[in-house]
Amino acid sequence: MVRVVLRRLIQLGVTLIALMTLIFFWLRNLPGGPVDALLGERATPQTRETLIRALGYDQPIWVQYWRFVRNVVTGDLGNSIRTGEPVTAVISRAFPATVELALAAIVIAVGLGIPLGYLAARHRGRLLDNATIVVTLIGISIPIFFLGYLLKDWLTQGAHVFPPSGRISTGAGNTDVTGFFVLDGLLTREWDASADALWHLVLPAVTLATIPLAIIVRITRASVLDVLDEDYIRTADAKGLRDATIRRRHVLRNALLPVVTTIGLQTGALLAGAVLTEKVYNWGGLGTLITDSISGSRDYPVLQALILLAAFVFIVVNLLVDLSYAVIDPRVRVR
Amino acid sequence: MTRPGGIATLAEHKRRRIDELTARTSGTGGVSLLRDAGRRLRRNPAAVVGAALILLFLVIAIFAPLVAPHDPVQRFPELTSRLTVDSIPGATAGHPLGSDPLGRDFASRMIYGARQTLFVGVLATLIGLLSGVLLGAVAGAAGGWVDVLIMRITDVMLALPSLLLAITLVALASESTQWTVIVAVAVVNVPVFARLLRGSMLAQRESDHVLAARALGVRGRDIVTRHMLPNSLTAVIVQATLTFAVAILDAAALSFLGLGDPDINRAEWGLMLGVDGVRYLEVRPELAYFPAAAIILVALGFTLLGESMREALDPKNRR
């Protein structure tokens, strides 16, 4: 187990370094280069010259690369072109918003997806099963930004059930402790603010959860059907185990492995979904940051940091999923 | 790497999903398997519905000039004159679906949209498929450090969620055109096809038909092109069908993020939905509903057909 973790950690490092190198050389080779991106078109030769010297672009490329790597490793990701703030500050401000949204989405997707997939498999070929198949197929075929606008249009404009955008009502703002608004309200005992933040969270979380939910339902259903066909289920049945025991110990436990894998993959994919969802609901997290840093003139330092962060999160989540196998499946632990 | 009982780590699982598909669909039974699969496919209602949907949109795309009442880029004075800030005219005589925000015939744009959308989807899938197949074939046939290098490159590309990779590629391109979108969506699929093909090549390298060809003195290049590639084809076709659905959804998402095709005359469903559709949702929701419905139906068609094909080719389901 330790060897597996070590090998994966090394892989993680190698992948991140490769990605970093790719981005570095790509940005250097943009037409006009990053200097033009920083200055815009109306720069005098003198300001250009000064900036080139200040950024160290007059140095040989390998010196620049080494400096870049050293900065990234020490956590200095440069300053945002748009706002001039350090990139790390910009990102850490947006980070809790996206984590809050993604966690809510995962809770919805897993909490509804596994039971639904299981039920569909148990009722194979009947109405519930067929309905589930049709709905999940539409779920993976619908552009989620469109679904977001639909929900927003139906539930906030006419009926006023949910707030249309943002993370919290103006005026209901609570004390900022962690940046997770729902949690902050609980910590400071501002229950109203917490409820308000939770209320804001519902529609974006449902929108973001749609694709993972549909995929988890489908995988769970397929996986349970596979397991139900296995000889050991027939054996368990034949030796007179109670139905509930068979379901819990034999069916679910074995069927969950591919589901856990899928949950890992989908958690990573949530980062991409968040870009769309956050734009629809004006959420102000990392997704919004990506949209902002690519609209109009590109904010390369922010963009570059976000790409590295996304890859890092994606790989770490996958590593955690691998480790969770050891908990679910004793056979992995023996190895 | 594979553990007993079919347990694998996640990254392996991702790879194995591709490899499994390969093993199931390539070179296991020759023509009889294909014929058998074809028969099961025709009996599967999901496959028939999927194929019918694809065919329907294909016909609309091909005969768009005959079906569409008007030119999709022409602005009609009778429509533009009625455009205001908060109203876009609906159905009138000669314009069955009314106007778009620029006074163009919306029905014609929807019909020509089939053309552009399928064009983007097909090209993105094809470019991804061809580059992936080429890379995978080289990796599988060459082995050694070439193989390791190509596989590590695909690892890096798989380190980002697919839509995020596409966003990154468009954002890093200096200017956005229709081709930037197509290439970005295509590149995302290169590692998938590369892995698929490499797995299939590795599986075949030791198989009897390749050994036989080698024993007969067939040149290495001919073994790859004549004996190995054709056997990998079914797996590639299945994957391409599934890829297509994701490709048009990704293209629509890019349009919505402002990274799409900047040509305002282009009638493409993703653009129509992602730009005008969501902007005028409260004014005239049909501008979003129609392209969205079309995208959902096309994506659904390709997903249904792709999954049925995979199921039909699975030897487990053979009778």
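Which residues is Gly166(A) in contact with, leaving aside its neighbours within four places in sequence? They are His200(A) and Asn282(A). Contact here means that the C-beta atoms of two residues, placed from the backbone, lie within 7 Å.

This is a predicted model: local features need pLDDT of at least 70, side-chain atom pairs count only at pLDDT 80 or more, and totals for chains, interfaces and linings use all residues. Residues are numbered from 1 along each chain as its sequence is written, while chains are lettered from A and ligands numbered from 1 in the order in which they are written.

Stay with Gly166(A). It sits in the loop between α7 and α8 (181-187) of chain A. Helices are DSSP runs (H or I, at least four residues), strands likewise (E, at least two), numbered from the N terminus. Gly166(A) counts as partly exposed because it has 14 C-beta neighbours inside 10 Å. The cut-offs are 20 or more other C-beta atoms within 10 Å for buried, 12 or fewer for exposed, and partly exposed in between. Trp283(A) is 117 residues away along the chain, yet its C-alpha atom is separated from that of Gly166(A) by 5.1 Å.

Next, a helix pair. Two packed helices are described by the angle between their axes and the distance between the axes. In chain A, α5 (residues 87-122) packs on α9 (residues 191-228) at about 35 degrees, with the axes 6 Å apart. Axes are lines fitted to C-alpha atoms over the stretch in contact, and angles run from 0 to 180 degrees between N-to-C directions. The residues of this contact divide into 26 nonpolar, three polar and three charged. Nonpolar covers Ala, Val, Leu, Ile, Met, Phe, Trp, Tyr, Cys and Pro; charged covers Asp, Glu, Lys and Arg; the others, Gly among them, are polar.

UniProt, in an unreviewed entry, places "transmembrane region" at several stretches of chain A, including 133-151 and 197-217. Residues 197-217 of chain A are 100% helix, with end C-alpha atoms 28 Å apart. Residues 133-151 of chain A are 89% helix, and the ends are 22 Å apart.

Now the partner chain. Chain B has 13 helices and zero strands. Of its 319 residues, 51% count as buried.

The contact between the chains takes 48 residues from chain A and 40 residues from chain B. On the side of chain A, α11(A) gives the largest share, 11 residues. By class, that side has 32 nonpolar, nine polar and seven charged residues.

Methods
UniProt positions are given in the numbering used here, feature names are shortened, and annotations may be inferred rather than shown by experiment.
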